[in-house]
Amino acid sequence: MTRILLLGGTTEASALARTLADAGMDAVFSYAGRTAKPVSQPLPTRLGGFGGPEGLAAYLKAEAISHVVDATHPFAAQMSRNAMQACAAAGVALCALERPPWQAGEVDSWIHVDSIDAAVAALPDAAARVFLAIGKQNLTQFGAKPQHHYLLRLVDAPDAPLPLPHTTVEIARGPFDVAGDTALMQRHDITHVVAKNAGGIGAAAKLTAARSLGLPVVMIDRPQLPQRHILGSVAEVMAWLSHSGA
Ligand SMILES: NC(=O)c1ccc[n+]([C@@H]2O[C@H](COP(=O)([O-])OP(=O)(O)OC[C@H]3O[C@@H](n4cnc5c(N)ncnc54)[C@H](OP(=O)(O)O)[C@@H]3O)[C@@H](O)[C@H]2O)c1
């Protein structure tokens with residue numbers, strides 16, 4: 001019997017959930033539970049971690065899961081590693097639904113870095129106004145450059161004091177558009193953008209806005225993962241499911 005675990009947290013995961021539900025497939029959607037009000041899904045939904053790869057392997061067995069689709073964010077590397085390990089241990093088929101990384105165009109001014117710490121180091125020493133478009137994780141490291149004013153865009157209002165002395169918080173949930181992001185950056189006199197190379201459409205508007213305003217973007221490259229079966233679209237995942245017994 002086919003039963004799918006869909007690891008979510010991205011626009012693409014939500015699109016796949018809709019397609020699986022429309023096809024009447026037996027699937028469970030999983031959220032880490034990072035946001036207060038996650039987008040509701042047309043599938044039975046569970047919330048919270050599994051307890052590492054061992055916990056996930058036990059869940060796969062208990063729930064008789066036959067296929068896992070890892071549609072987590074490209075920076076959710078721990079979850080992706082756990083999924084690989086647990087599926088190998090439990091003998092469950094796994095694929096990743098992964099969007100290609102963004103590429104700089106000719107007129108873009110991107111500084112490529114491979115870590116959060118390198119992104120901090122890439123910011124200037126003189127006080128700047130930085131759109132820190134990386135969500136709520138990893139803010140602490142930017143405390144090493146407290147001279148900057150940081151514009152943060154978060155899904156939920158922070159429930160604890162922020163680790164940065166000069167911040168403006170914008171509460172918003174994507175997808176975002178170019179006109180809105182251009183106006184946001186102008187309103188806050190942004191001089192630099194820091195972004196994770198998430199890929200996809202929903203978060204790309206800030207890059208187009210930065211290009212039109214001539215702003216430099218510190219682009220954090222994706223974490224490296226072991227080789228895995230990567231598919232690029234919902235249609236490819238549906239084909240993989242039908243070819244692999246679903
Ligand atoms: N990292 C980002 O920049 C980013 C951006 C947008 C959305 N997201 C989404 O936010 C969630 C958390 O991201 P993260 O970077 O914190 O992940 P992470 O560092 O790779 O994962 C940390 C732990 O969170 C739990 N977890 C993560 N994704 C889960 C899921 N879909 N269902 C159940 N448990 C999950 C797992 O806990 P256990 O070990 O206990 O199983 C995992 O070991 C993911 O669903 C991701 O798609 C992340």
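The views below come from a predicted model.

View 1. The ligand is surrounded by 22 residues. Closest to it are Gly-8, Ser-30, Phe-50, Met-79 and Lys-196. In Ser-30, an N or O atom of the side chain sits 2.7 Å from a ligand nitrogen. In Arg-34, a polar side-chain atom is 2.8 Å from a ligand oxygen. In Asn-82, a side-chain N or O atom is 3.2 Å from an oxygen atom of the ligand.

**View 2. Arg-222 in the loop between S11 and S12.** Strand S11 spans 217-220 and strand S12 spans 230-231, and Arg-222 is found in the loop between them. Arg-222 has a relative accessible area of 15%. This residue is therefore buried, since the cut-off for buried is under 20%. Its side chain reaches two backbone oxygens. The oxygen of Ala-198 is at 2.8 Å. The oxygen of Pro-100 is at 3.5 Å. Leaving out residues up to four places away in sequence, Arg-222 touches Pro-74, Phe-75, Glu-98, Arg-99, Pro-100, Pro-101, Asn-197, Ala-198 and Gly-199.

**View 3. Two cavities.** The structure holds two cavities of 30 Å³ or more. Asp-70, Thr-72, His-73, Pro-74, Ser-80, Ala-96, Leu-97, Glu-98 and Arg-228 line the second largest cavity. Its lining divides into three nonpolar, three polar and three charged residues.

**View 4. Asp-108 and its contact with Arg-211.** Asp-108 sits in the loop between strand S5 (93-97) and S6. At 13% relative accessibility, Asp-108 falls under the 20% limit, so it counts as buried. Its side chain makes a polar contact with the side chain of Arg-211, at 2.8 Å. A polar atom of the Asp-108 side chain also lies 2.6 Å from the backbone nitrogen of Gly-105. Beyond four places in sequence, Asp-108 touches Leu-207 and Arg-211.

View 5. Helix H6 covers residues 205-213. Its buried residues are Ala-205, Lys-206, Leu-207, Ala-209 and Ala-210. Leu-207 is also one of the residues that Asp-108 touches. In a helix of this kind, which way do residues three or four places apart point? An α-helix has 3.6 residues a turn, so such residues point the same way. The buried residues of H6 pack against strand S6 (110-113), strand S7 (129-133), helix H5 (178-187), strand S10 (192-196) and S11. Gly-214 follows H6 and has a positive phi, near 70 degrees.

**View 6. Helix H2 and its cover.** Helix H2 runs over residues 52-62. Pro-53, Gly-55, Leu-56, Ala-57, Tyr-59 and Leu-60 are its buried residues. What covers them includes four strands: S1 (4-7), S2 (27-31), S3 (45-47) and S4 (67-70). Helix H3 (77-90) is also part of the cover. Just after H2, Ala-64 takes a positive phi of about 50 degrees.

**View 7. Ser-242 in helix H7.** Ser-242 is found in helix H7, residues 234-243. Is Ser-242 buried, exposed or partly exposed? Its relative accessibility is 46%, so Ser-242 counts as partly exposed. The Ser-242 side chain reaches the backbone oxygen of Ala-239 at 3.0 Å. Ala-23 is 219 residues away from Ser-242 along the chain. The C-alpha atoms of these two residues are separated by 12 Å.

Notes: Residues are numbered from 1 along each chain as its sequence is written. This is a predicted model: local features need pLDDT of at least 70, side-chain atom pairs count only at pLDDT 80 or more; totals for chains, interfaces and linings use all residues. Side-chain values use heavy atoms; hydrogens and water are left out. Helices (H or I, at least four residues) and strands (E, at least two) are DSSP runs, numbered from the N terminus. Buried means under 20% relative accessible area, exposed over 50%, partly exposed in between (1.4 Å probe, protein chains only). A polar contact is a pair of N or O atoms within 3.5 Å; within protein, one must be able to donate a hydrogen and the other to accept it, and residues adjacent in sequence count only if both atoms are side-chain atoms. Contact means heavy atoms within 4.5 Å. On a 1 Å grid over the protein atoms alone, a cavity is a set of points where a 1.4 Å probe fits but cannot get out, and a pocket is an open set with protein on both sides within 12 Å along at least five of seven lines; lining residues have an atom within 4 Å of a point. Grid points are joined across faces, edges and corners, and a volume is the space filled by probe spheres set on the points. Ala, Val, Leu, Ile, Met, Phe, Trp, Tyr, Cys and Pro count as nonpolar, Asp, Glu, Lys and Arg as charged, and the others, Gly among them, as polar. A residue is near a molecule or strand if one of its heavy atoms lies within 4 Å of it.
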